[in-house]
Amino acid sequence: MNWFLFALAFWIAAWAVNAVLANSRWRNSAVVRVAIPALFGVTLIVLWEGIVRGFGVSPVILPAPSDVAQTFANSTDILWQDFRQTVLKGALSGFVIGVLAAFFTAILIDRSVFLTQGLLPIGNFVAALPIVGIAPILVSWFGFDWQSKAAVVVVMVFFPILVNTVQGLRETDAMQRDLMRTYAATYFDTLVKLRLPAALPFVFNGLKIATTLALIGAIVAEYFGSPTRGMGFRISTGVGSLSIDLVWAEIAVAAMAGTAFYGLVAWIERRATFWHPSHRQT
Amino acid sequence: MKNSLPILAVLAAIVAIWYAAVAPMNIRGALDVAERSGAEVVPPASVDRFEQPIWRLMIDNPGHVAQGYSLDRPRLPTPVQVGRELWKSTGEMALKGRAMSKRSLIYHGWITLQATLWGFALGTGLGMAGAIAIVYSRVVNMSLMPWAIISQTVPIVALAPMIIVLSSQVGIEGRTVPKAIISAYLCYFPVLVGMVKGLRSPGAAQLDLLRTYSASGLHVFLKLRLPASMPYLFTSLKIGIAAALVGTIVGELPTGAISGLGARILIGDQFGTPLAIWAALFAAAILAGGLVTFLDFAQRVTLRRMGMQA
Amino acid sequence: MQQMAKSSVPDRSPRSSVISASNLDLTFQTNDGPVHALSGIDIDIGKGEFVSFIGPSGCGKTTFLRCIAALETPTGGQLTVNGMTPDAARRARAYGYVFQAAGLYPWRSIEKNIALPLEIMGYSKSDQDARIARVLDLVELSNFSKKYPWQLSGGMQQRASIARALAFDADILLMDEPFGALDEIVRDHLNEQLLELWARTEKTIGFVTHSIPEAVYLSTKIVVMSPRPGRITDIIESPLPAKRPLDIRDTPEFLQVAHRVREGLRAGHAYDD
């Protein structure tokens, strides 16, 4: 019980600290902007630990964060192996292939208004479908190993990137296109110097969505068949064999991988689209 | 009407490519069936055929290529095969009065729809409540928003089996609750982000006008912020319902699922009946299309009555 | 007081004519029926002239400028630029165009923005650098070459846009209400600078504006237009001297020209419709 009371006290204290910080005159500084959510996150973990220990929750149902951390430290080799299989081989390769394919398809369609008008609504529609469902079919086509996972990722990532890139390419206004006409610029000039840079904010929008989809696709595909490694494999078998600690450790790895991947793309976005109003300090 | 011509043309092209792809995808299966029925196949032993590339097999056995269009367990079914399977598990059963039998996709679609709608309601509610909290409290804004973003980068699919096990351990029957939780998880973030953008959309000039009326905070919310956020809300609702459907199906995919469209996909995979998988996928697609179209219609009606759209 | 010659017959001496329109017609087909944007436009613009087009909305002044730039296609009549069709002139990069909005690329610095047409037209790198430095000096933006457009004020962005149009070798400069979005003080300053630029570069300038003082101050020739259908009401050869300090706007000669412009505008436009 003491654990739980301590956790509650911590929560209240942390909330008070955050409230003070949020209303202080340093609230716009980078330090405070990171400190507040960080403190909030720490509070959640403390609460978790407090509830599990305070109420004696069985580790089979929900292990305490300290236990998970312990398992994490003990199983780094398994975790690394699974990470390599799922994230690097499955998700990352599928992401790269899917993004490149969608990007070049978008540029090809851009040439034809007819094709754009036909493919854009269809692309929007397909992007809303539960594409994860094709995982078993792709596993039957491409086999158990990472290639089928990459294939699922390619399909999941293709449509959001396609739709966003096509929309981005359409964004330039009439005046900009007129200016290019007065320079007697070729289609290629206009594409490379005007429309592609202008489309970047949209493209990155799609890329950020694609990072989350890539991880989802790779893990779900592993539920349908995998050699004896991979995060999805470990999670689904771990739940069955009640090694819940390991499952939570894998979930932690997945969370960190997903956040890092998204963060990387967001960082590149900030450098590539520094000029966009949403990133400027004005 | 002229807007649909490009779409129809592209759809026609997709169907044509699909039909053409069936032959090479199914040639191995077709030759296996032919071999078993005693017909002449080049090369005759299935082991040797494994090494041959597909185009070689097709050229050497032109008579058997057509067989690929009517296999029982095709690698790639034809559109007609999928349509027939879909009809068999939906319309045909409804006509026989067995719409809700355990083999009917209507029954399974209904199961999936239930969890989706619960998850959607939960996710939307949480998203809207979170949005209001974020817009009105600086502490909540600074502490919650970064975590909301991070939550989306965590692949919920990794948590799905855990959530299912936990809910059954806690004593909750069936899978509807865990599926609804997973759905809500995927759907609350688009609603949250859209609602925040919408609630913050009124400009300084409009807010100042209400201050000159000494309008209370509740008035500002009900008369300005909330109506202004409607277009943003509907856009994110459409994204949210699609995400909720994905969440439900993801919740139905881990082993042990027996009802719902995701479960049909799982069972189709386990029993090696690809046609069942394809039919379930198309049923899910139709369900997704229907839900988004319904929301689109609701959006149009609501915005028109509010005068926000012609 | 000088006699102002009203030119009722266009001067078609071939050696000086750079832009020549004869009975030009442009009818747009819109959802609400045909719109007669230009009707029977007859005008000659000689080399080195500064011609302003002034009139109310819908009188066709911008449309005419765009026809010269081959951004619109006339439906009747003749139009030649440097003796060729407008589109041939466009492909020969015969003119620079300045739009109402600066339209600079936010992802390029000012100097890279000016480099844009030079890159497209294939100037060598050293040539580009020289030209960029020269035009930035002309518009007094040399200290801002590495800044980005959104770090500059509206007036400075518009100056950069003008510099961009001056960077390459084109004898003609077409400007569509370039100072319309700026406040009057900045506008006066830019008007002065534009006249200096014109004196130094000796280009032929076509200038569209809403402002009577601006038209009279800048031009050697003022074309007054009126709408429905878009037509020329009056062409005024300005008697004002070439060198014009800003206070020329308070002289009686200036006011006379402005008066004539105003009369021309009133004649062609009823405010009731």
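**How the three chains meet**

In this predicted model, 51 residues of chain A are in contact with 48 residues of chain B, where contact means heavy atoms within 4.5 Å. The model's local features need pLDDT of at least 70 and its side-chain atom pairs count only at pLDDT 80 or more, while totals for chains, interfaces and linings use all residues, and side-chain values use heavy atoms, with hydrogens and water left out. Residues are numbered from 1 along each chain as its sequence is written, and chains are lettered from A, with ligands numbered from 1, in the order in which they are written.

Two pairs of chains touch, and the one with the most contacts is A and B. Chains B and C, by contrast, are joined by no contact, their closest C-alpha atoms lying 16 Å apart.

The area buried between chain A and chain B is about 4,400 Å², with carbon and sulfur atoms giving 82% of that area; buried area here is the accessible area (1.4 Å probe) that two parts lose on being put together, summed over both. On the side of chain A, the residues that lose the most area to chain B are A:P130, A:W141 and A:F224, which together make up 14% of what that side buries. Between these two chains the count of salt bridges is zero, a salt bridge being a side-chain nitrogen of Lys or Arg within 4 Å of a carboxyl oxygen of Asp or Glu. Four residue pairs, both at pLDDT 80 or more, are in polar contact between chain A and chain B, that is, they have a pair of N or O atoms within 3.5 Å, of which, within protein, one must be able to donate a hydrogen and the other to accept it, and residues adjacent in sequence count only if both atoms are side-chain atoms.

Several helices of chain A each supply at least two residues of the side that touches chain B, among them α1 (2–23), α2 (30–54) and α9 (187–223), and the largest share, nine residues, comes from α11(A). Helices (H or I, at least four residues) and strands (E, at least two) are DSSP runs, numbered from the N terminus. By class, this side of chain A divides into 39 nonpolar, 10 polar and two charged residues.

The contact between chain C and chain A takes 26 residues from chain C and 18 residues from chain A. These chains bury about 2,100 Å² between them, 66% of it on carbon and sulfur atoms, and C:W107, C:I120 and C:W150 supply 32% of the area that chain C buries against chain A, more than any other three residues. Here the count is three salt bridges, and C:E119 forms a salt bridge with A:K193, with the closest N and O atoms 2.9 Å apart. Eight residue pairs, both at pLDDT 80 or more, are in polar contact across the interface of chain C and chain A. On the side of chain C that touches chain A, α2 (86–91), β5 (95–98) and α3 (110–121) of chain C each supply at least two residues, the largest share, five residues, coming from α3(C). The residues of that side divide into 17 nonpolar, one polar and eight charged.

Key
Nonpolar A, V, L, I, M, F, W, Y, C, P; charged D, E, K, R; others polar.
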